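Hi everyone, thanks for coming. Could you bring up the sequence and the model on the screen, please?

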Amino acid sequence: MKIELKNYQDCVNCSYILYSSKESFPPINHCFYGGKIYGLYSDFGCGSWGVVTSLGGRTNQPNGEVYMNDECVDSCFLKNISCYVSENVYDGINTTQDYLTPRKCIEKALSISRLPYSVKEIKDMFDLSGEGIDCSENEGRFNRKLQFVGVEIWRISIAIGYALGKEIYCFPWLNEREISMVDKSCLKILKESQKIVLIPSNQIKWLKKNCDDLLMI
């Protein structure tokens, strides 16, 4: 898979449970390939998160053009193939219902995508824990409501996106503390599965060490 940007430019509102930002970025001409992890470097509010938000289809149609495998696509298409890695955004899964657990979300995702995985295979692939108060299956984190799963929500959101068959994985802008919590085993799975991973941050050393390509915004 190849996503190509031609004179791609926008001013967008970016949001995450902990913070938000309005960001603009200059015209970008760049290609993103499946099977690669991309670091997008800028300080907070200076454009890298805006690019990722736009490529995740969370905006109106930006200026410029986006091509997937040489075919022009729009923001709606990008949204349908993207997973935004955060606490509360799972396209295709209605998480507004309090009863939804990681297990039920993945079950529903697989019923939508028809991918040849079992819930257990996805759970094991992304190392989602079943530990709970008494370490039983019923009390395990995998069966808790989503708002009570703690920091594992990042891996859970990636797992749900994977079960839905998403092709682009968009992280929010990450500071020094947050980027240290990115699960590298998840990144490895996404890379081996030929997904595109986009990580905006100002942590240049981490991006250079863990990403295949670095885009300076």
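This is a predicted model: local features need pLDDT of at least 70, side-chain atom pairs count only at pLDDT 80 or more; totals for chains, interfaces and linings use all residues.

Residues are numbered from 1 along each chain as its sequence is written, and side-chain values use heavy atoms, with hydrogens and water left out.

Let's start with the rings. Rings of Phe, Tyr and Trp (for Trp, its six-membered ring) pair if their centres lie within 6.5 Å; planes under 30 degrees apart count as stacked, over 60 as edge-to-face, and the rest as tilted. By this rule there are 11 aromatic pairs. One of them is Phe32 with Tyr38, an edge-to-face pair at 4.8 Å centre to centre with 75° between the planes. Buried or exposed, what is Phe32? Buried means under 20% relative accessible area, exposed over 50%, and partly exposed in between (1.4 Å probe, protein chains only). Phe32 has a relative accessible area of 1%, so Phe32 is buried, and Tyr38 is buried too, at 1%.

Now find Tyr117 and Tyr162, a tilted pair at 5.8 Å centre to centre, with 55° between the planes. Helices (H or I, at least four residues) and strands (E, at least two) are DSSP runs, numbered from the N terminus. Tyr117 sits in the loop between helix 3 (102-113) and helix 4 (119-125), and Tyr162 sits in helix 5 (residues 153-163), 45 residues apart, so this pair links distant parts of the chain. Tyr117 is partly exposed at 29% relative accessibility, whereas Tyr162 is buried at 7%.

Tyr162 also has a lysine over its face: Lys195, at 5.5 Å from the ring centre. Here a charge sits over a ring if NZ of Lys or CZ of Arg is within 6 Å of the ring centre and within 35 degrees of the ring normal. Lys123 does likewise over Phe142, at 5.6 Å from the ring centre.

Finally, helix 7 (residues 184-192), where Cys186, Leu187, Ile189 and Leu190 are buried. Seen down the axis, the buried residues of helix 7 fall within an arc of 160° (taken from the directions from the helix axis to the C-beta atoms), so they line one face. The face turned away from that buried side carries the exposed residues Lys188 and Glu192. After helix 7 comes Gln194, with a positive phi near 65°.
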